[in-house]
Amino acid sequence: MTSIITKLAMVTAVAAAPMIAATGASAEGEKYILVSHAPDSDSWWNTIKNGIALAGEQMGVEVEYRNPPTGDLADMARIIDQAAASGPNGIITTLADPDILEGPIRNAVDSGIDVIIMNTGSPEKAREIGALMYVGQPEYDAGYAAGLRAKGDGIGSFLCVNHYIVQPSSQERCQGFADGLGIELGNQMIDAGQDPGEIKNRVMAYLSSNPDTDAVLTLGPTSADPTLLALEENGMAGDIYFGTFDLGGEIVEGIKSGVIEWGIDQQPFLQAYLPVVVMTNYHRYGVLPGNNINSGPGFVTADGLEKIEEFAGEYR
């Protein structure tokens, strides 16, 4: 474990950009392209970029990260088509909305390109479209587990701050949480948008109109960071139950200070790193794991934060 962490610490974080490339010395010339749905503004995906870059370096393969700069899924569909047309050995992609993305992914598979679904999607969907496997966190299950945990802590109502409501998997997180609590989701999920100032204002407005809300659930740093500011401003920080998906620098500080009860860690580093390793070994030696890989969920609390705090936003 020490040697792995040492290697991680030596790798420079990859800056956010619509496309990154890292080329290793590959005798076979393998090339893998990761396509995500994330807009450039979402810093959580820097960990994904670091994961694919390190995997490319260690496996000696060429890797690229591509994404729609604004998060537009129709744009993402075009990027998948373009990636397939460039003739890589494999494509690693999120499946943020099957209605929009299934077609391009199936076309890539039909053209002979191996595909691994990561992050969003499900093992079932991966199998349906002919992908090799799924690497990620089943979102509904993660939300449900969080809801059960919150129910055990006495929570009966909540606000789900959804900063990417057009993505079905984000709604699955909120729905799973409600089901875990055993209550209707109803109007407890808000479309927060991507702008930090708007997110903060919408959280404050909801809590002002619904003062008996027991808890707040955010879906990642994009919504968690402005929500922290909202709770500081309205005086509810530390008083209202606060759970979040994913990790980041501000989230870790919130957990450490006791303002955030827990963060759900889906380990995005593994979601990018493992598909490159799996595909490379598959193409070189014909070996493939016999099952999908669940990278999460895991609950991060104030206990045992040392490594997470050290690498939050970089490898965790």
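Predicted model: local features only at pLDDT ≥ 70, side-chain atom pairs only at ≥ 80, totals over all residues.
Me: Are Glu310 and Lys307 buried, partly exposed or exposed?

Reply: Partly exposed covers the range between under 20% (buried) and over 50% (exposed) relative accessible area. Glu310 has 45% relative accessibility, and Lys307 has 39%. Because both values fall in that range, Glu310 and Lys307 count as partly exposed.

Me: Which residue forms a salt bridge with Arg173?

Reply: The closest N and O atoms of the pair are 2.8 Å apart. Arg173 lies in helix α7 and its partner in helix α6 (residues 139-152), so the pair ties together parts that are 34 residues apart in sequence. Both residues are buried. The partner of Arg173 is Glu139.

Me: How far apart are the sulfur atoms of the disulfide between Cys160 and Cys174?

Reply: The structure holds 1 disulfide. Cys160 belongs to strand β7 (residues 158-162) and Cys174 to helix α7 (residues 168-181), so the bond ties together parts that are 14 residues apart in sequence. Cys160 is buried at 0% relative accessible area, and Cys174 is likewise buried at 0%. The sulfur atoms of Cys160 and Cys174 are separated by 2.0 Å.

Me: Is this disulfide left-handed or right-handed?

Reply: The handedness follows from the torsion about the S-S bond of Cys160 and Cys174. That torsion is about -50°, so the disulfide is left-handed.

Me: What separates the end C-alpha atoms of helix α4 (residues 98-110), in Å?

Reply: Helix α4 has 13 residues, and at 1.5 Å a residue it should span 18 Å.

Me: Which elements do the buried residues of α4 pack against?

Reply: The buried residues of α4 are Leu101, Glu102, Pro104, Ile105, Ala108 and Val109. One of these, Glu102, is also linked with Arg106, Lys125 and Glu128 in a network of salt bridges. The buried residues of the helix pack against α3 (73-85), β4 (90-93), β5 (114-119) and α5 (123-128).

Definitions and conventions:
Residues numbered from 1 in each chain as written. Heavy atoms only, no water. Helix = DSSP H or I, 4+ residues; strand = E, 2+ residues; numbered from the N terminus. Expected span 1.5 Å × (residues − 1). Buried < 20%, exposed > 50% of the residue type's maximum accessible area, 1.4 Å probe, protein only. Contact = heavy atoms within 4.5 Å. Disulfide = S-S within 2.5 Å. Salt bridge = Lys/Arg side-chain N within 4 Å of Asp/Glu carboxyl O.
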